[in-house]
Amino acid sequence: MPFQPVMTAAPPGFGPVPARVLTDIETLPCDLYIWRGPRPVLYAMRGGDLRRVVARAQRGMSFLVRDIDADLLHGALAESLPRVLANQRISPIERSKTAYSIAAKVLAPIFMRDRPLDHDGLILTQNAIDSITMRMLADEDLVWAMVATMQKHQATHTHAINSAVYGIVLARFAHIGGPDEIRDVARGGLLHDIGKNRVPKGILDKPGPLDALEWQVMRGHARAGNDMIVRALGFVPSYAHIIAEHHERCDGSGYPSSRLEDQIAIDTQVVAIVDAFDALTSRRPYKSAVSTFDALRLMRVAMRGQFNDELLREFIRLLGGWNALSGGNVTGEVANSDLVGALKVAG
Ligand SMILES: [Fe+2]
């Protein structure tokens, strides 16, 4: 079962924090509150005793943190991530769940809409995904635990984390390069859709087909994302091209430049596959999720030629679907509405 976090409401000026993400921080970076009665009550003070916090985490509880302390918290969480991932006292699945929650927490602010991309938040996000990448390269148990932990509900930042994790898996096993190249796949996978922050919600979540003008706006997200990253960092990072190119397709049917396979970087081709796969297998306001099997079949058949064939075969093999797909055992039909929705996300 995919990991589903408990979503907790918070009063104005506060945000919820699952206690589990705090178990490997070294010092409490800010005050923690619990919601008891009409208003939040102070539970633990900045720099205070972590044992009470850990005990509460073990009971699956959550805390509240003041919005003005969010940056302090995210910094401490990102810093704790390597310890969480390497903590052999807990199972790979538990480590993955915590790492996923931390990544989602650290990443969420940079996916907030209608505000400039925050430089410090972006650096923190890069550091967080780098920690996950390095650990997934060192620890194979963690690779599959991270895949099993994925959340498939509608949220831009869960799609971002999933794309990064699948990207690490595919890049690692397809041997597209060393740690630096795989790190770029992870960063590019995580940030590929950051330009959607600039696409109006009404277009992103529109239940019906997009008109020509709406498509034009939607398609602008690839270049917009590249520009946002370059502006926030002040230089062109080695993964920026992945963001700009992630909708190019090997048969020339992609955008913005209708490039052909030999004109698209191999790391982009990895992200193109995992982006499409995660989009197909996730629920969206305008479509249901298709199964792993149906998504892979769509990518092999309905979208034939769009993806690097060798990489796609490797990805299918990795997901354990290759035998069923290649052995003539294809059964069942994808509902037409799912197919339409599936092809829409691929656009
Ligand atoms: Fe995209």
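Q: What are the axes when two helices are compared?
A: Axes are lines fitted to C-alpha atoms, for helices over the stretch in contact, and angles run from 0 to 180 degrees between N-to-C directions. Two packed helices are described by the angle between their axes and the distance between the axes. Keep in mind that this model is predicted.

Q: At what angle do the axes of H7 and H12 cross?
A: The crossing angle of H7 and H12 is roughly 45°, and their axes come within 10 Å. That angle makes H7 oblique to H12. The crossing of H7 past H12 is right-handed.

Q: Which residues of H7 and H12 meet?
A: H7 brings Glu181, Asp184, Val185, Gly188 and Gly189. H12 brings Asp267, Val270, Val271 and Val274. By class, the contact of H7 with H12 has four nonpolar, two polar and three charged residues.

Q: How do the axes of helix H3 and helix H5 lie?
A: Helix H3 covers residues 92-107 and helix H5 covers residues 140-149. Their axes come within 8 Å and cross at roughly 55°. H3 and H5 are therefore oblique to each other. H3 passes H5 in a right-handed crossing.

Q: Which residues make the contact between H3 and H5?
A: On the H3 side they are Pro92, Ile93, Arg95, Ser96, Lys97 and Tyr100. On the H5 side they are Asp141, Leu142, Ala145, Met146, Ala148 and Thr149. Sorted by class, the contact of H3 with H5 has seven nonpolar, two polar and three charged residues.

Q: Now strands. How many bridges join S2 to S3?
A: In a regular strand the side chains alternate between the two faces of the sheet. Here, strand S2 (residues 32-36) and strand S3 (residues 39-44) run antiparallel, joined by five bridges. Ile34 has Val41 in S3 as its bridge partner.

Q: What lies between S2 and S3?
A: The two strands form a hairpin, with two residues between them. Gly37 sits in the turn and has a positive phi of about 75°.

Q: Where is the cis peptide bond?
A: Read omega. The cis bond joins Tyr255 and Pro256, with omega about 5°. Pro256 lies in the loop between helix H11 (240-245) and helix H12 (266-280).

Q: Is Val65 buried or exposed?
A: The cut-off for buried is 20 or more other C-beta atoms within 10 Å. Val65 has 23, so Val65 is buried. Val65 lies in strand S4 (residues 62-66).

Q: Which residues does Val65 contact, leaving aside its neighbours within four places in sequence?
A: The contacts of Val65 are Phe14, Gly15, Val17, Cys30, Leu32, Ala70 and Leu73. Take Cys30: Val65 and Cys30 are 35 residues apart along the chain, with their C-alpha atoms separated by 7.7 Å.

Terms used:
Residues numbered from 1 in each chain as written. Predicted model: local features only at pLDDT ≥ 70, side-chain atom pairs only at ≥ 80, totals over all residues. Helix = DSSP H or I, 4+ residues; strand = E, 2+ residues; numbered from the N terminus. Pairing = 2+ DSSP bridges. Parallel < 35°, antiparallel > 145°, perpendicular 65-115°, else oblique. Left-handed = near helix turned anticlockwise from the far one by under 90°. Contact = placed C-beta atoms within 7 Å. Nonpolar A, V, L, I, M, F, W, Y, C, P; charged D, E, K, R; others polar. Buried ≥ 20, exposed ≤ 12 C-beta atoms within 10 Å, placed from the backbone.
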